[in-house]
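Student: I have not seen this structure before. Could we go through it in questions and answers?

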Amino acid sequence: MDHTQPSLTVNSAPRVESLKERRIKRIVTQRAEECAQLTEQIKLFSDRLGEYTTSLAGIVNSEMDAIEAEMEILVKRREKAKAHYEEYKKQVKDMGEDYLSPLKERLEHLERLNRMQYSLTAPVNKLPVELLGYIFKIYVDMGNGPWVLILVGPVWREVAMSTPKLWRHILVTNQETLAHEKIWNIGGDIGDVKSHGRYAVCRNNAELISILPLSKKASLRIVLRLSGRINSPWEDPESTPLVSLFGEATSQRLKKIDFNLNGNGSYLPSSLSSYMEDFSYPILKDISIDVSGSNWDMAFMSNILASPKLTRVVLKSPIPTEAITSPGWKSVHHLFIQYVPEHGSLNQLCDKLYNLRTLEGCAKGWPGEDTPKTAFAYLNEMTLSSMPSHLHRLTLPSLIKLQLDTSGWVPPASGLYSPWIFPVLSELHLSLGSPGPTYLPHSTSMPVLRAMTVFNCGSCHSLPPVVYPSVLSVRFEGCGSTSYFASAFSMTPNAQKVTFTASRYDKSTIMNALQQLIDTTNIGAVTIPLPFASEFYFGSSGTPAASKARTHPLIKQFIANRLSVARPLAVLDAVWRRNRIGEAKLESYIKKP
């Protein structure tokens, strides 16, 4: 066996690169080439960036130079404008109002033209002139002045100036100033006019003569207000406005006159009185006389009261003796007496007032035993403070409303009470007081009496057993005890509407009324008070009821009692006083379906 080891043979042939090595070598070569290319591009970009930077710096420098040049020009212009402004400001300051006034006047003129153009196109100006004038008349009759109308525009000015009834209210006075007096520039020949509400104020004859033509032939409403001694210009017939006012030309147009000279010692000079008393006042219908304490010539006043168409007279001072015999009383329909006249004057006038419709403010105690029996065939409304038994002195077949104050009168010694006979009386207001209404007539004939008001000052504790079966609405005012309401409810058994009012702080009267209603209802259906009444009102907005906490349970009990006797209520309202200043709050206890 051959144990010889084999010999090692060395191969001297070159090494062959593998596929992987060749791939890596190729990639490295490609990356090297790419790096060389990027290096060339970076160098190229760097050269171009230098060129761009140099070019941009040149452009910026040139633009900045242009901007700085423009800024210098603007600064110079600003300084120049400031200098011009200061120069003009100095010139305006030096010129003052002489330079600005024309500009202001021009601006105001343009504003007026603008308003004028606007007013000319307003829809209201499309109305007929007659209708627009009628609207203006209503506006003035409501108490407004016509002065503002002429300032609206040329159309309104023309219509207002051509409507005479707007300018018929004139106040003649010698007082230097009046409250709320204004001045208006009417323009034309009239110029400035002073006003007090709707009245043109005239203090001398020139002002009166300038304003009278505006009213043309329209009837005049005049207020004459004088105080203190009339100064000398008023005593001169050539300069006083009284002659122009009551003279021959104007006297034919006077329809309403208000004389106001109360207690001022004013007087009408006898020379003027004799001058004016010869004129007549054919259309005068309304006159108010307040000349007490003055020394006016009563002959002139008597002449005024003799107007044939006089229908309304307000007397705030004694009736002139000469005026009692005046024939003008026969046409008077409304007489208001706001002072305490003597019985004799009214007694003498009785037979002359046969066309009277309204009589208010008569002397206390009139009519009296000395009053002649008089028939007022057309008298509809009368307010008196007199003994009820004396009403039989007057025959009043047409009386519709009577207000009678019976407080302070003693029953007649004879004990006889004349019945009241008022065939068409529908509304009666009684004011009761000490010594009590026990002397009210127990026999009456008032078949159509529907509404009744009873005021009790607190001294009346019961009413006489008189019944007014036709009364449907009754109102109790003032104070009252339970006994008072017991008799009061029997007086109007058929009333359907009942109202209770008391003073703001009276906490017992309404409770007394409710207590009487509850107590009598609890007795039984036969004695139920006011069985036909379905509407009850406690308190009013003017006199809210007090003490709701104590009255509220009584109202609830009263409603329940009425339901229990098959007399349910349709309305029960209470007006409560909410706080100390008397604010009112309405509360309805019956819910309407």
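This is a predicted model: local features need pLDDT of at least 70, side-chain atom pairs count only at pLDDT 80 or more; totals for chains, interfaces and linings use all residues.

Student: Over how many bridges do E7 and strand E8 pair?

Tutor: Strand E8 covers residues 312–315. E7 pairs with E8 in the parallel sense, and Ile289 with Leu315 in E8 is one of the opposite pairs. The count of bridges between E7 and E8 is 4.

Student: Which residue stands opposite Ile287 in E7?

Tutor: E7 also pairs with E6, in the parallel sense and over 5 bridges. Strand E6 runs over residues 254–260. The residue opposite Ile287 in E7 is Ile257.

Student: Why is strand E7 described as largely enclosed by the rest of the structure?

Tutor: Strand E7 spans residues 286–290. Asp286, Ser288 and Asp290 point one way from E7, Ile287 and Ile289 point the other way, and all are buried. A residue counts as buried under 20% relative accessible area.

Student: How many residues of strand E5 are buried?

Tutor: Strand E5 takes in residues 220–225 and is mostly covered. E5 pairs with E6 in the parallel sense over 6 bridges, and Arg221 stands opposite Lys256 in E6. Of the 6 residues of E5, the number buried is 5.

Student: What is the bridge partner of Thr173 in E5?

Tutor: Strand E1 consists of residues 169–173. E1 and E5 pair in the parallel sense over 5 bridges. In E5, the partner of Thr173 is Arg225.

Student: Is Ser540 buried or exposed?

Tutor: Ser540 is in the loop between strand E21 (535–538) and helix H15 (548–564). Leaving aside residues up to four places away in sequence, Ser540 touches Arg475, Thr501 and Val575. The cut-off for burial is under 20% relative accessible area. Ser540 has 18% relative accessibility, so Ser540 counts as buried.

Student: What is the volume of the largest cavity?

Tutor: The count comes to 3 cavities of 30 Å³ or more. The largest cavity is lined by residues including Leu346, Cys350, Trp366 and Phe376. By class, this lining has 9 nonpolar, no polar and no charged residues. The space in the largest cavity is about 50 Å³.

Student: Which element gives the most to the lining of the second largest cavity?

Tutor: The second largest cavity has a volume of about 40 Å³, and its lining divides into 5 nonpolar, 3 polar and 1 charged. Among the lining residues are Phe476, Glu477, Tyr484 and Thr501. Strand E19 (473–478) and helix H13 (482–491) each supply at least two residues of this lining. With 3 residues, the element that gives the most is E19.

Student: For the chain as a whole, what percentage of the residues counts as buried?

Tutor: The secondary structure of the chain comes to 15 helices and 23 strands. The chain exposes about 33,400 Å², and carbon and sulfur atoms supply 56% of that area. Of the 593 residues, the share that counts as buried is 39%.

Student: What share of the contacts with a separation of 6 or more comes from residues 24 or more positions apart?

Tutor: Contact here means heavy atoms within 4.5 Å. Among contacts in the chain with a separation of 6 or more, residues 24 or more positions apart account for 60%.

Technical notes
Residues are numbered from 1 along each chain as its sequence is written. Side-chain values use heavy atoms; hydrogens and water are left out. On a 1 Å grid over the protein atoms alone, a cavity is a set of points where a 1.4 Å probe fits but cannot get out, and a pocket is an open set with protein on both sides within 12 Å along at least five of seven lines; lining residues have an atom within 4 Å of a point. Grid points are joined across faces, edges and corners, and a volume is the space filled by probe spheres set on the points. Ala, Val, Leu, Ile, Met, Phe, Trp, Tyr, Cys and Pro count as nonpolar, Asp, Glu, Lys and Arg as charged, and the others, Gly among them, as polar. Buried means under 20% relative accessible area, exposed over 50%, partly exposed in between (1.4 Å probe, protein chains only). Accessible areas come from the Shrake-Rupley method with a 1.4 Å probe; for residues, only the protein chains shown count as cover. Two strands pair if DSSP finds at least two bridges between them.
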